[in-house]
Amino acid sequence: MPSPSRLRLPFVALACLAALAVAAGCGGSGSSGGSGGTTLSLVAYSTPREAYGEIVPAFQKTAAGKDVEIQQSFAASGEQSRAVEAGLPADVVAFSLEPDVTRLVKAGLVAPDWNAGRYRGMVTDSVVVFVVRKGNPKQIKTWDDLIQPGIQVVTPNPLTSGGAQWNVMAAYGAQLKLGRSDAQALDYLASLFDHVVAQDKSAREALQTFLGGKGDVMLAYENEAIAAQQAGESLDYVVPDQTILIENPVAVVSKSQHLPQAQAFVRFLYSPQAQRIFARRGYRPVVGAVLARFTFLAPPALFTIADVGGWPSVRERFFDPEKGAVTRILQGQAPA
């Protein structure tokens with residue numbers, strides 16, 4: 001197997017499915033519908049738009065999905081979660097990270113046992129990668145390369161974007177894997193943000209900023225890099241030796257007026273057909289039999305969110321809006 005940190009070659013270019021973009025209160029949205037009957041609302045984070053653009057019509061061709069229309073909304077994960085908490089109609093939520101579902105559990109909108117199944121409520125996996133210009137002209141291969149003089153980094157805003165929080169924890173955890181202390185890992189985060197030149201609200205918006213020419217490297221989901229290559233964008237990406245396993249949750253909103261249909265849609269997401277669509281769009285399937293049919297690099301020092309404390313601890317320590325270490329860094333203060 002080639003080294004996991006090698007430069008990835010472009011995937012075969014595929015025609016990107018264009019989601020029907022319409023004005024919506026919470027980012028771009030669209031709908032895919034049959035002949036009426038039931039209308040579900042899928043509220044999701046920004047990056048899986050193209051995957052759901054294929055999955056929804058596939059579901060509608062099944063007996064369970066017949067005559068089910070699905071309206072779709074895509075925006076930053078945290079923004080979407082807060083919007084549903086505040087009253088945005090939703091039957092199914094698909095977010096970047098578990099705490100955005102936990103918020104809805106606390107609000108009484110998602111059942112406490114949403115993650116009790118075989119896959120713990122996670123529908124896709126990914127890893128944090130370095131997206132670079134075609135040919136990797138700055139030869140960016142390691143975490144230390146990101147903080148070399150003159151290197152400009154693009155990442156979403158960690159106070160709005162779930163993807164950005166994964167990026168931060170990948171950077172922090174990588175330092176620990178490299179044998180550095182907690183204090184040194186926090187210092188690395190401060191140095192990294194000194195090199196950040198753009199912080200958009202969502203991972204998809206950050207990608208557009210990078211494609212527009214800003215920055216030398218972007219911290220991103222592996223699937224975003226693959227999707228961009230499939231769309232014909234001129235870029236490459238590097239899977240660092242030390243990176244984090246991204247786990248993306250999906251849940252049914254328990255107050256949905258169409259629970260049977262919403263539950264059927266979520267079940268379909270774990271079907272071989274839907275998992276293959278996710279995989280073709282760059283996501284790592286959670287269903288092992290499907291994952292085995294695709295080739296994804298296995299970083300030698302892959303770690304999980306549990307290895308850096310787990311989400312409850314991480315959210316409080318790093319992303320608390322008043323005293324979190326990352327909040328302090330963004331405010332120009334030393335991380336506590």
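How much space lies in the largest pocket? The space in the largest pocket is about 490 Å³.

## Basis of the description

The model is predicted: local features need pLDDT of at least 70 and side-chain atom pairs count only at pLDDT 80 or more, while totals for chains, interfaces and linings use all residues. Residues are numbered from 1 along each chain as its sequence is written, and side-chain values use heavy atoms, with hydrogens and water left out.

Helices (H or I, at least four residues) and strands (E, at least two) are DSSP runs numbered from the N terminus.

## The largest pocket

A pocket is an open set of points on a 1 Å grid over the protein atoms alone, where a 1.4 Å probe fits and protein lies on both sides within 12 Å along at least five of seven lines; lining residues have an atom within 4 Å of a point. Grid points are joined across faces, edges and corners, and a volume is the space filled by probe spheres set on the points.

The lining of the largest pocket comprises 21 residues, with P99, D100, R103, R315 and E316 nearest its centre. Two or more lining residues come from each of α2 (77-85), α3 (98-106), α4 (162-177) and α11 (311-319); the largest share, 6 residues, belongs to α3. Sorted by class, this lining has 8 charged, 7 nonpolar and 6 polar residues, where Ala, Val, Leu, Ile, Met, Phe, Trp, Tyr, Cys and Pro count as nonpolar, Asp, Glu, Lys and Arg as charged, and the others, Gly among them, as polar.

## The second largest pocket

The second largest pocket has a volume of about 380 Å³ and is lined by 18 residues, of which D113, W114, V250, V252 and V266 lie nearest its centre. Strand β11 (242-252) and helix α8 (259-269) are the elements that give two or more residues to this lining, and α8 gives the most, with 4 residues. The lining of the second largest pocket has 11 nonpolar, 4 polar and 3 charged residues.

## Nonpolar cores

A nonpolar core is a set of buried Ala, Val, Leu, Ile, Met, Phe, Trp, Tyr and Cys residues joined through side-chain atoms within 4.5 Å. Buried means under 20% relative accessible area, exposed over 50%, and partly exposed in between, with a 1.4 Å probe and protein chains only.

The largest nonpolar core has 73 residues, and W143, L146, M169, F265 and F318 touch the most other members. Helix α4 gives the most to this core, with 7 residues. Beyond its neighbours within four places in sequence, L146 is in contact (heavy atoms within 4.5 Å) with F130, I140, I151, V153, Y188, L192, H195, V217 and L219. A second, separate core of 18 residues includes V131, A220, A225 and L297.

## Enclosed elements

Helix α7 (residues 222-230) has 9 of its 9 residues buried, so it is largely enclosed by the rest of the structure. The buried residues include E222, N223, E224 and A225. G232, which follows α7, has a positive phi near 90 degrees.

Strand β10 (residues 235-238) is covered on both faces, with L235 and Y237 buried on one side and D236 and V238 buried on the other. Strands β6 (residues 122-133) and β10 run antiparallel and are joined by 4 bridges; strands pair if DSSP finds at least two bridges between them. Opposite D236 in β10 stands V132.

D67, a residue other than glycine, has a positive phi near 60 degrees. D67 is found in the loop between α1 (49-60) and β4 (68-75) and is partly exposed, with a relative accessible area of 32%.

R120, likewise a residue other than glycine, has a positive phi near 55 degrees. R120 is placed in the loop between α3 and β6 and counts as partly exposed at 43% relative accessibility.
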